[in-house]
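Please read the points below with the sequence and the model at hand.

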Amino acid sequence: MIGSIIKHIWALLCGLRETLWYFLKTTILGKPITLMYPEEKWTPYPRFHGLHKLLRDDNGKEKCVACCLCAAVCPAQCITIETAENENNEKYASSYQIDISRCIFCGYCVEACPVGALLMTGEYELAEYTREGMLYNKERLLRE
Amino acid sequence: MDLITLSIMLLKIIVVFIAMLLGVAYLTWLERKVLGHMQVRYGPMRVGWHGLLQPIADGIKLFFKEDIVVANANKVIYVLAPFVVTVCAFASFAVVPFGNELTIFGQTIPLRIADVNIGILYIFALSSLSVYGLTFAGWSSNNKYALMGGLRASAQMISYELPAGLSIIGVLMLTGSLSMVEIVNAQKDLWFIIKQPLGFILFLICSVAECNRTPFDLPEAESELVAGFHVEYSSMKFALFFLAEYAHMIVMASLVTTLFLGGWHLPFIDISSLHPTTLIGQLVVSLLPICVFGVKVFCFLFFLIWLRATYPRLRYDQLMKFGWKVLFPLALFNIVLTAILQIFNLL
């Protein structure tokens, strides 16, 4: 009886010691785990699913061949492509649009692409003032 | 009472009131900061240096919020409740001796607002009255959560006031007086925490319960009752409840300091026996007790916050069981023990 009471009180004291230890550690020694966000930025991991990017080949030509597999595989159906042919009778995307407000960042589009034209970057600050701002056209997706 | 005494009295009241308000404001800052650091966070950082202006920002925000009076509330009681709580919390501080004497320009000012010869009873009476405010708030809001909170507050207060009252009887037996000033003077050589360790621990637990602080914050158990008795309050009325809770903490901290931690006395050094001749020396001797008192109160407040960071809330039946089956018999035992030891002159 007495032994169990002492054990319980000891456990309570251990709890107090633990919180005090963390208090001293944070106050004197270390840095809190909080990230002071706008000043300090988080660096995403290499495989982070952020904003998409359309790639160019070494000659500066768009890699995309407008096969529309990305649009077909997209579960959220947020990719809209219009196709056209250029002077060499090659297919290309005359308009390529991703509605980022509907995108679920699953990365299937990247996996589906047969020519590796699409990539997901680490960009995660995607807030916009308007809904129209969430529609990324080809120029914005081809950015450097 | 001549004009000088009257103006000194008024000045003391105003200074203490403002100090109390500031103390409450920065207690909220301290709580958020300490809790944050204990959880490896920063706490408030944005408003002012390390969030030092945060309480002011909070105050302004609460002041400009919409003041909602619930349609089905009992209007008179609903409006009255926060004022009852706040007045009780702030008025309790009137009998706390926060320093010895201030000697300045030939005037000797005792550093307390009132030396009532039943000071302890006065504080206990007011803290009992403040539970009416909580119950009023719970009842008049016409909300099941608020009502539960109010009921819990009253039941908890009854259960914990009893052991709290009984645990200080040992101190009163040693002092032979109910006056706060007498109790402080009786601890000149030895603090009552050493003579009354059991009484101190019991009163410590009960004071946490009376402030409605974690682990005894059942009246406002947010995970069960949304916010408890003040769930329907907004704007300044909510702020008054908030103010009262923290003022109550300060009063309880000063009560523990006065009863068990020697009030404004320093250990081993008797400040009141020093009589320096220079003006600065006199001022230091006058202000040192206030600082000593403040440090002790601060330590107790830190302890309260520390408890909140550490322990989860008790279940309601555990709370009642603990109050009646553990604290109450122990408090009675403490009285008997103190009486026996005093008869044989061992204390």
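1. In this predicted model, Glu85(A) stands opposite Lys91(A), a residue of β3(A). The setting for this pair is an antiparallel pairing in chain A between strand β2 (residues 79–85) and strand β3 (residues 91–99), made over seven bridges.

2. How many residues lie between β2(A) and β3(A) in the hairpin? There are five residues between the two strands, and Asn89(A), in the turn, has a positive phi of about 60 degrees. As a general point for viewing such strands, side chains in a regular strand alternate between the two faces of the sheet.

3. Attention now passes to the interface of the two chains. On the side of chain A, 18 residues are in contact with 14 residues of chain B. The two chains bury about 1500 Å² between them, and 70% of this area is on carbon and sulfur atoms. The residues of chain A that lose the most area to chain B are Leu16(A), Phe23(A) and Met36(A), which together account for 36% of what that side buries.

4. Which side chains meet in a salt bridge? They are those of Glu39(A) and Arg46(B), at 3.0 Å from N to O. The count of salt bridges between chain A and chain B is one. Sorted by class, the side of chain A that touches chain B has 11 nonpolar residues, five polar and two charged.

5. Between chain A and chain B, eight residue pairs are in polar contact, with both residues at pLDDT 80 or more.

Note on methods. Residues numbered from 1 in each chain as written. Chains lettered and ligands numbered in written order. Heavy atoms only, no water. Contact = heavy atoms within 4.5 Å. Buried area = accessible area lost by both parts, 1.4 Å probe. Salt bridge = Lys/Arg side-chain N within 4 Å of Asp/Glu carboxyl O. Polar contact = N/O pair within 3.5 Å; in protein donor to acceptor, adjacent residues only side chain to side chain. Nonpolar A, V, L, I, M, F, W, Y, C, P; charged D, E, K, R; others polar. Pairing = 2+ DSSP bridges. Helix = DSSP H or I, 4+ residues; strand = E, 2+ residues; numbered from the N terminus.
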